[in-house]
Each structure stands twice: as C-alpha cells, then as structure tokens.
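Visitor: I would like to learn how to read a structure feature by feature. Could you take me through one?

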Amino acid sequence: MKKTYPSKVSKQTKPKLKKKVWKFFAKFIKARDKGFCYPCPAKGCVKQNYQAGHYPPGSVLPEKEYFNEKLVHGQCFHCNINLSGNPVAYRKRLIIDYGVAFVEEMENKCGKPDKLSHMELQTLITQYGNTKVE
C-alpha cells in the first residue's frame with residue numbers, strides 16, 4: 001500500500017506576502033501616474049527615478065490603508081527619498097484631490113493597528129498582479 005501525504009500548502013509569511021503585493025501595487029501606481037510626481041511638478045520620471053510613495057508615511061499607516069490607491073502616488077526620487085516624501089506638498093495635493101476630511105481621517109488612523117489577513121494579502125496579489133494598466 002502506497003503512503004499518501006497531505007499536499008503541502010505553501011503558506012508564506014505575512015512580510016513576504018506584503019512585499020509581493022507591494023511589488024505589483026507599486027508597478028500599478030507608477031503605470032497609473034505615468035511618470036508624474038504627485039507632490040512636485042516633475043514629469044517624465046522613469047526607472048529608479050520614479051517610485052511609489054505614501055502619505056501619510058507607509059511606516060505609520062495601518063496595514064489596511066497601506067495599499068490604498070488614494071494614499072500612494074508616483075513620486076520622483078528627490079521627493080520620495082531626499083525630501084522624505086515631500087509631505088507638505090503631498091498633503092496639499094491630497095486635500096485638493098480628495099478633501100481635507102479624507103486627509104484628516106487617514107492621518108487619524110496612523111499608528112493604530114488594523115492588520116491585513118493572509119487571505120486579504122493573497123487577494124491583493126491577485127488583484128494587482130493581474131491588473132493591466134494602459
């Protein structure tokens with residue numbers, strides 16, 4: 001009689017899943033924003049000079065807002081790295097686009113735990129991994 005073993009389900013760690021989502025999500029954001037830096041007038045940014053940046057900073061956002069398309073936009077290297085996201089200009093632009101109530105609501109969520117489950121991360125991988133942006 002041949003022994004059978006239960007199939008191994010690959011359960012990646014949450015940090016690995018989050019990193020995988022970010023790879024697809026950042027690609028989606030950069031394609032959506034087409035080389036324009038959200039907080040400054042730079043345009044035509046490409047490759048390493050073009051990044052996806054958060055406001056408020058991703059380090060303080062709850063996981064459930066980390067992949068919020070309204071909080072992540074294309075940024076030039078100078079704004080995202082040298083100016084730490086250029087938060088004053090980024091915030092002003094968010095208020096113009098989404099209103100002060102939305103921006104303050106997101107700022108008030110900072111530092112509060114709101115975790116994504118493995119299943120939610122897998123759903124985001126599927127969503128952004130399969131997205132075609134013109």
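Visitor: Let me begin with a proline. Where does Pro-56 lie?

Guide: In this predicted model, Pro-56 belongs to the loop that runs between β1 (50–54) and α2.

Visitor: What kind of peptide bond joins Tyr-55 and Pro-56?

Guide: The general idea first: most peptide bonds are trans, and most residues other than glycine have a negative phi. Here, the bond joining Tyr-55 and Pro-56 is cis, with omega at about -15°.

Visitor: Now for phi. Which value does Lys-34 have?

Guide: Lys-34 is not a glycine, yet its phi is positive, about 50°. You will find Lys-34 in the loop between α1 (14–33) and β1, and with a relative accessible area of 55% it is exposed. Ser-84 is another residue to look at: its phi is also positive, near 50°. Ser-84 sits in the loop between α3 (77–82) and α4 and counts as exposed at 60% relative accessibility. A glycine with a positive phi, near 95°, is Gly-99, which follows α4.

Visitor: Which side chains does Arg-93 meet in a salt bridge?

Guide: Start with helix geometry: an α-helix has 3.6 residues a turn, so residues three or four places apart point the same way. Arg-93 meets Asp-97 in a salt bridge, with 3.7 Å from N to O. The two are 4 residues apart in helix α4, which separates them by about one helical turn. Both ends are partly exposed: Arg-93 has a relative accessible area of 34%, and Asp-97 has 37% relative accessibility.

Visitor: How many salt bridges does the structure hold?

Guide: There are 6 salt bridges. One of them pairs Glu-120 with Lys-64 at 3.2 Å, N to O. Glu-120 lies in helix α6 (residues 118–129) and Lys-64 in helix α2 (residues 63–66), so this pair ties together parts that are 56 residues apart in sequence. Glu-120 is partly exposed at 30% relative accessible area, and Lys-64 is partly exposed at 38%.

Visitor: What does Glu-107 pair with?

Guide: Glu-107 forms a salt bridge with Arg-91, and their closest N and O atoms are 2.6 Å apart. Since Glu-107 is in helix α5 (residues 100–109) and Arg-91 in helix α4 (residues 87–98), the pair ties together parts that are 16 residues apart in sequence. Glu-107 has a relative accessible area of 22%, which makes it partly exposed, and Arg-91 counts as partly exposed at 25%.

Visitor: Is His-73 buried or exposed?

Guide: The cut-off for buried is under 20% relative accessible area. His-73, found in strand β2 (residues 72–76), has 4% and therefore counts as buried. Its side chain makes a polar contact of 2.9 Å with that of Tyr-90. Beyond the neighbours within four places in sequence, His-73 is in contact with several residues, including Ile-29, Asp-33, Gln-51, Leu-94 and Tyr-98.

Visitor: Gln-51 has come up. How many residues apart in sequence are Lys-30 and Gln-51?

Guide: They are 21 residues apart in sequence, and 6.9 Å apart in space from C-alpha to C-alpha. Lys-30 is in helix α1 and is partly exposed at 30% relative accessibility. Leaving aside neighbours within four places in sequence, Lys-30 is in contact with Gly-35, Tyr-50, Gln-51 and Ala-52.

Visitor: And the aromatic rings: which of them link into a cluster?

Guide: A pair of aromatic rings is described by the distance of the centres and the angle of the planes. In this model the count is 10 aromatic pairs. Ring pairs join Trp-22, Phe-25, Phe-28, Tyr-66, Phe-67 and Tyr-128 into a cluster.

Visitor: Which lysine lies over the face of Tyr-66?

Guide: That is Lys-18, at 4.3 Å from the ring centre. Look also at Lys-70, which lies over the face of Phe-102, 5.3 Å from the ring centre.

Methods
Residues numbered from 1 in each chain as written. Predicted model: local features only at pLDDT ≥ 70, side-chain atom pairs only at ≥ 80, totals over all residues. Heavy atoms only, no water. Phe/Tyr/Trp six-rings, centres within 6.5 Å; stacked < 30°, edge-to-face > 60°. Lys NZ or Arg CZ within 6 Å of the ring centre and 35° of its normal. Salt bridge = Lys/Arg side-chain N within 4 Å of Asp/Glu carboxyl O. Buried < 20%, exposed > 50% of the residue type's maximum accessible area, 1.4 Å probe, protein only. Polar contact = N/O pair within 3.5 Å; in protein donor to acceptor, adjacent residues only side chain to side chain. Contact = heavy atoms within 4.5 Å.
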